[in-house]
Amino acid sequence: MKRRFTRPGRPIALKLLVLLSVPLISLVGLWTFAAALTGGDGLRLLEINNLVTNLADPSEQMNIQLQRERLSSAEFLSSARPYRELINQRSRTDTAVAAFRRRAALQENVTPEMAEQLKALYRELNRLPELRRGVDARSVGAIQTITVYSDVVDASFRMYDQMILVPDMALYRLARSVTMLGEAKELLSRERAMIVHVLATREVGPSDRALFTRMSATRRLLYSQALTHLDDDLGAAYRGLAGSAAYRDFVAIEDAIRGQATANGLPATSATWVSRGDDLAAAVERNQSEAVQGLVDRVNPTATAILIKIGVAGGIGLVAVVASVVLSLRFRGRLVRELAGLRDAATGFAEVRLAGVVDQLRAGGAKPEVEPLDTGAQTTEVRDIVQAFNSVQSTAVGAAVDQAKLRDGVRQVFVSLARRNQSLLHRQLLQLDGMQRRTHDPVILDDLFKLDHLTTRMRRHAESLIILSDQTPGRGWRNPVPAVDVLRAAVAEVEEYARVEVPQPPNVAVMGSAVTDVVHLVAELVENATLFSPPQTRVDVRAVGVPEGLQVDIEDRGLGLPEEELRELNARLAEPPEFDLAESDRLGLFVVARLAARHGIRVRLRPSPYGGITATVTLPAALLSDQPALTGGR
């Protein structure tokens with residue numbers, strides 16, 4: 001294994017610079033976040049001007065025209081207003097709606113919530129043509145007409161809620177109060193339309209009284225709550241209006257409609273209700289416009305003050321960041337040298353020394369002495385790391401030694417048990433062979449043959465333990481053995497040998513020193529083919545001569561394997577891995593890989609044309625002999 005060291009120069013310096021950059025970047029990120037958070041407040045305040053120009057003012061004008069159209073529609077349905085005046089009002093409403101759509105399309109930096117409310121407002125506006133046709137045909141009532149117009153205006157107020165981007169709490173309360181006054185103005189407009197309906201019917205039914213009561217109660221609540229948060233400048237006009245005769249007269253109208261006094265008809269003063277409502281509506285519209293403009297005038301100074309704070313905080317934060325960078329660079333040089341030395345020492349141990357220790361222990365050598373690391377570091381933290389790494393090094397070497405002892409012990413147990421079983425099984429085979437020669441009873445001969453076959457398979461499994469322990473079985477041949485006998489001997493060691501067909505192979509022989517291992521290798525592959533294919537199918541074992549030597553194909557008709565698993569198995573067969581006890585379900589694979597590596601045999605698995613697997617075994621020419629073979633010579 002090559003030692004891949006890097007010089008303690010630019011690479012480690014760059015890595016350390018990256019390491020030191022993490023807290024610096026975090027500091028810069030924190031400073032940027034704080035500046036952006038504060039700057040965002042200022043930018044949102046400045047964005048209010050665009051929102052007012054593109055959304056608030058056009059939508060306010062649109063709402064005014066919608067309120068007037070609602071009132072005109074209610075008067076038309078009560079036959080109190082000519083149709084021509086309603087048509088003119090609709091034209092003014094359409095102009096205001098078109099202007100709003102044009103300005104809204106120009107607004108940039110719209111939040112997702114605001115965009116969703118805009119879509120909701122557009123959906124409500126699209127309901128106007130159908131409502132107008134119903135009003136023209138007088139197929140809708142006044143209450144339904146008032147409700148549809150109210151839904152459109154309500155959608156605009158939900159949009160206003162998303163437009164309150166004021167980060168300053170005092171300004172936020174003022175903005176929210178102004179919005180509440182706008183909603184109170186809208187409820188006043190609905191009440192005026194209801195008054196027209198009441199005057200047309202000359203009575204106040206239970207449902208009308210309940211609807212009007214909700215409107216008036218909500219309007220008064222919004223009005224009182226908004227005035228509690230407005231200062232003297234913004235709330236002076238509204239407070240003065242609350243004490244005016246026009247407001248007191250309208251409150252009296254509300255009380256009259258809400259009360260039971262109108263249960264038996266309207267009072268004589270009802271003839272003046274419309275004019276009183278008009279007077280109050282004109283004053284409210286004037287006050288609302290002044291309140292909105294006064295709020296916008298207060299936003300710009302607040303935004304400027306926030307941006308000044310950003311500049312001061314950003315400057316101080318920038319000085320702190322620069323100081324941190326300078327101090328970090330002062331200590332970087334020494335840390336680069338010490339960490340580079342520690343890295344080289346650790347890399348050398350991991351890639352060279354520890355690997356050498358493991359290889360030496362696997363080869364059966366004595367426990368090596370590993371010198372502790374000494375990088376000459378002066379930084380306390382780096383010296384502590386070196387000391388800790390030396391402890392890890394000692395523990396790793398000790399673990400490698402223990403693992404080598406355990407592996408060697410398991411190997412010796414395998415070999416001892418396998419040798420004993422192999423000796424007993426060999427004696428049993430000799431005994432069975434003698435018994436077969438001495439008897440002529442067909443039934444007894446058949447039983448003895450089955451017992452002989454079972455013993456042969458047990459011997460192969462015992463030899464598998466020896467092979468997995470990097471040992472060689474004791475039995476062997478002195479002379480070459482014909483390939484046909486080798487293949488038939490392999491098939492004879494398989495339980496379902498009757499399913500296997502072996503056509504006549506080429507007239508070549510296998511060298512005696514490799515016969516035992518080749519028989520074992522082919523038997524493992526044949527047994528695997530019989531196990532993973534249907535019992536009614538056959539397994540073909542064909543041998544052909546190739547330029548490299550002799551090729552043996554073991555082909556089954558099973559279900560096959562996925563392509564990814566085939567690649568993994570072929571990789572293991574090409575480069576035998578170290579035997580892992582955790583993978584005991586693939587002992588045959590380990591055995592085949594060990595035997596193939598021992599004799600230079602190439603084993604490859606590929607899909608079979610019949611849907612199963614074809615195992616191709618290529619015996620090199622060095623294992624073959626063209627000389628006449630003496631069968632049975634051992």
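Helices (H or I, at least four residues) and strands (E, at least two) are DSSP runs, numbered from the N terminus, and by that rule the secondary structure of this chain comes to 16 helices and 8 strands. The model is predicted, so local features need pLDDT of at least 70 and side-chain atom pairs count only at pLDDT 80 or more, while totals for chains, interfaces and linings use all residues. Residues are numbered from 1 along each chain as its sequence is written, and side-chain values use heavy atoms, with hydrogens and water left out.

Next, select helix H6 (residues 169–201) and find Leu-181 in it. Is Leu-181 buried or exposed? Leu-181 counts as buried, because its relative accessibility is 1%. Leaving aside residues up to four places away in sequence, Leu-181 touches Tyr-223, Ala-226, Leu-230, Tyr-238 and Gln-288, a contact being heavy atoms within 4.5 Å. Now select Gln-225 as well: Leu-181 and Gln-225 are 44 residues apart in sequence, and their C-alpha atoms are 9.0 Å apart in space.

Move on to helix H10 (residues 273–362), where Val-312 has its place. Val-312 counts as exposed, because its relative accessible area is 52%.

The tour then turns to an open sheet of 5 strands, with mixed pairing and the order S2-S4-S5-S7-S6; two strands pair if DSSP finds at least two bridges between them. The edge strands are S2 (500–501) and S6 (602–607), each of which pairs on one side only. Helix H15 (residues 563–574) packs on this sheet, touching S6 and strand S7 (613–620), and its direction makes about 175 degrees with that of S6 (axes are lines fitted to C-alpha atoms, for helices over the stretch in contact, and angles run from 0 to 180 degrees between N-to-C directions).

Within the sheet, select strand S4 (residues 539–546) and strand S5 (residues 549–555), which run antiparallel and are joined by 7 bridges. Here Val-544 has Gln-551 in S5 as its bridge partner.

Finally, select S6 and S7, which pair in the antiparallel sense over 6 bridges, with Arg-606 standing opposite Thr-614 in S7. S6 and S7 form a hairpin with 5 residues between them, and Gly-611 in the turn has a positive phi of about 100 degrees.

Key. Buried means under 20% relative accessible area, exposed over 50%, partly exposed in between (1.4 Å probe, protein chains only).
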